[in-house]
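Please keep the sequence and the structure in view while reading.

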Amino acid sequence: MGPRRYRGDVPVCGLRLGRAGHPRERRQSRAQARAPDKEFASEIGALGIYAGRGAAKLLASDPAATALLLERLEPGTTLAELNDDVLATEIAGQSFTKLFRPLPAGHSFPTIERWGQAFARVRAANDGGSGRFPPELFDPAERIYFELGAGQDEPMLLHGDLHHWNILRAEREPWLAIDPKGLAGEPAYEVGALLRNRLDAGEDVLQLTLRRIAQLSEILGVDRERLKRWAFAQGVLSALWTFEDHGELGEKHLVLPRALLPAIAGA
């Protein structure tokens with residue numbers, strides 16, 4: 001995934017622009033359209049709850065066209081472009097805290113348990129095993145994922161995919177998040193996407209990750225061991241999704257869990 005900038009407007013049929021359709025105001029917005037998927041409603045729901053605090057504002061949406069009109073962020077450069085990883089981790093940690101929100105009653109956001117169903121699907125497709133997926137990673141990740149899920153803190157609304165390329169420089173606030181998945185889970189779960197990205201920011205993946213975890217633990221007030229175990233299990237889960245969709249192991253997704261495996265052995 002490379003850096004993205006949002007500078008242009010995309011015409012979207014069926015999207016009612018309202019006042020945002022004024023030429024001057026169009027310069028302050030961007031339209032986003034995609035093929036229908038089950039994450040669209042969750043993204044709209046999360047953006048509505050954020051209401052622009054810590055995230056790009058949702059100006060309008062058209063569920064029938066799976067289209068959104070969003071605040072355009074300037075200059076729109078991403079957190080991935082910072083060369084100082086300690087500063088980038090600090091900014092990301094502060095973004096996490098801004099976006100943790102209580103879940104509304106009767107919400108329909110997916111849960112971390114639902115996301116974890118990929119483990120069962122792989123076993124069902126492989127006679128109870130993990131097929132070509134490395135069992136030395138699959139087995140402990142599955143166990144740790146559901147152990148943590150069973151003992152999680154009170155679930156909150158999570159962004160679900162808050163990594164370096166989804167945090168952008170802006171004017172209204174220095175940094176704003178984009179593209180939330182909208183997920184129900186404990187705050188400790190949120191760090192996984194960040195930890196498995198920009199692994200080139202240090203010479204040693206394990207030492208880089210442990211340093212990030214220590215820093216995020218201080219910011220979030222979450223136990224380091226819990227963050228480490230979630231990072232391992234989610235790294236494997238991310239690779240599983242690639243494995244399910246494409247029949248490939250997704251080796252780039254396994255870099256972090258392979259590095260963390262000795263650190264979680266026996267956990």
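Which backbone nitrogen does a side-chain oxygen of Asp204 reach at the start of H8? That oxygen comes to within 3.1 Å of the backbone nitrogen of Leu206. The model is a predicted one, in which local features need pLDDT of at least 70, side-chain atom pairs count only at pLDDT 80 or more, and totals for chains, interfaces and linings use all residues. Residues are numbered from 1 along each chain as its sequence is written, and side-chain values use heavy atoms, with hydrogens and water left out.

Among the buried residues of H8 are Val205, Leu208, Arg212 and Leu216, where buried means under 20% relative accessible area, exposed over 50% and partly exposed in between, with a 1.4 Å probe and protein chains only. Their cover includes helices H3, H7, H9 and H10. Just after H8, Gly221 has a positive phi of about 70 degrees.

Most residues other than glycine have a negative phi, and most peptide bonds are trans.

| Residue | Phi | Relative accessibility |
|---|---|---|
| Ala51 | about 50 degrees | 59%, exposed |
| Asp179 | about 55 degrees | 17%, buried |

Ala51 lies in the loop between helix H2 and strand S2, whereas Asp179 lies in the loop between strands S6 and S7. A cis peptide bond, with omega about 5 degrees, joins Glu74 and Pro75, and Pro75 is placed in the loop between strand S3 and H3.

Terms used. Helices (H or I, at least four residues) and strands (E, at least two) are DSSP runs, numbered from the N terminus. Contact means heavy atoms within 4.5 Å. A polar contact is a pair of N or O atoms within 3.5 Å; within protein, one must be able to donate a hydrogen and the other to accept it, and residues adjacent in sequence count only if both atoms are side-chain atoms.
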